[in-house]
Amino acid sequence: MNLSSLLLWGFVATVVLTGIQSASQGMGFSRMSIPFMVGTMFTADRSRAMGLGFLAHFLNGWIFASVYALVFQSLGRANWWLGALGGLAHGLFVLLVLMPLLPGIHPRMASEQHGPTPTRLLQPPGFMALHYGRRTPMVVLAAHLVYGVILGAFYQLAV
């Protein structure tokens, strides 16, 4: 694995993914903020949650980038369309697996079966995160597709 390429392009891809998701929230396409949701897993302080969430989200971005790099290395090639396929699979994994699991592991998120309480204040994502807006799945898939394209196009295989 090419560690310097992984660190650089994993960071760039995560910045772009986070930017797309933040912009979509600001423009009203989605109400979902992954950094906020992740941050509130660690603290009830809503102000600190964003900072902690961004840090955790960037670390996760590098972890996922390392998985992409391992796949590229095992295939012996990295290109934009392989990255796009990985991004599509990654986005579907987030929407279909991680989002439904989130209420069960998040200490401050209500579930579909049990509504809000004084400690569980966040709305559950629902199927494909649709509780955060009808366009949320489109935004998540587009952001992860771009993430994968960046990694596939720019990651340099280790020799």
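This is a predicted model: local features need pLDDT of at least 70, side-chain atom pairs count only at pLDDT 80 or more; totals for chains, interfaces and linings use all residues.
User: What is the volume of the largest cavity?

Analyst: On a 1 Å grid over the protein atoms alone, a cavity is a set of points where a 1.4 Å probe fits but cannot get out. Points are joined across faces, edges and corners, and a volume is the space filled by probe spheres set on them. The structure holds one cavity of 30 Å³ or more. The largest cavity has a volume of about 50 Å³.

User: Which helix gives the most to the lining of the largest cavity?

Analyst: Lining residues have an atom within 4 Å of a point; here they include Thr18, Gln21, Met50 and Phe54. Helices are DSSP runs (H or I, at least four residues), numbered from the N terminus. Helix H1 (3-26) and helix H3 (46-75) are the elements that give two or more residues. The most, four residues, comes from H1.

User: How many charged residues does the lining of the largest cavity have?

Analyst: Asp, Glu, Lys and Arg count as charged; Ala, Val, Leu, Ile, Met, Phe, Trp, Tyr, Cys and Pro as nonpolar; the others, Gly among them, as polar. By class, this lining has four nonpolar and five polar residues. Its charged residues number: none.

User: Which residues lie closest to the centre of the largest pocket?

Analyst: A pocket is an open set of points with protein on both sides within 12 Å along at least five of seven lines. The largest pocket has a volume of about 450 Å³. Of its 20 lining residues, the closest to the centre are Ile34, Val38, His57, Asn60 and Leu98.

User: Which helix supplies the largest share of the lining of the largest pocket?

Analyst: H1, helix H2 (34-39), H3, H4 and helix H5 (136-154) each supply at least two residues. By class, the lining has 13 nonpolar, seven polar and no charged residues. The largest share, six residues, comes from H4.

User: Is Asn60 buried, partly exposed or exposed?

Analyst: Asn60 is found in helix H3. Buried means under 20% relative accessible area, exposed over 50%, and partly exposed in between (1.4 Å probe, protein chains only). Asn60 has a relative accessible area of 33%, so the class is partly exposed.

User: What accessible area does the nonpolar patch on the surface have?

Analyst: The patch includes Leu88, Phe93, Phe127 and Leu145. Seven of its residues, the largest share, come from helix H4 (residues 80-105). Phe93 sits in helix H4 and is partly exposed at 37% relative accessible area. Together the patch residues have about 830 Å².

User: Near what value is phi of Ala129?

Analyst: Most residues other than glycine have a negative phi. Ala129 is found in the loop between H4 and H5 and counts as buried because its relative accessibility is 0%. Its phi is positive, near 65°.

User: Near what value is phi of Met128?

Analyst: Met128 is also found in the loop between H4 and H5. At 18% relative accessible area, Met128 is buried. Its phi is a positive value in a residue other than glycine, near 55°.

Notes: Residues are numbered from 1 along each chain as its sequence is written. Side-chain values use heavy atoms; hydrogens and water are left out. Patches are made of residues with over 30% relative accessible area and no salt bridge: like charges are joined within 9 Å, nonpolar side chains (Val, Leu, Ile, Met, Phe, Trp, Tyr) within 5 Å. Accessible areas come from the Shrake-Rupley method with a 1.4 Å probe; for residues, only the protein chains shown count as cover. A salt bridge is a side-chain nitrogen of Lys or Arg within 4 Å of a carboxyl oxygen of Asp or Glu.
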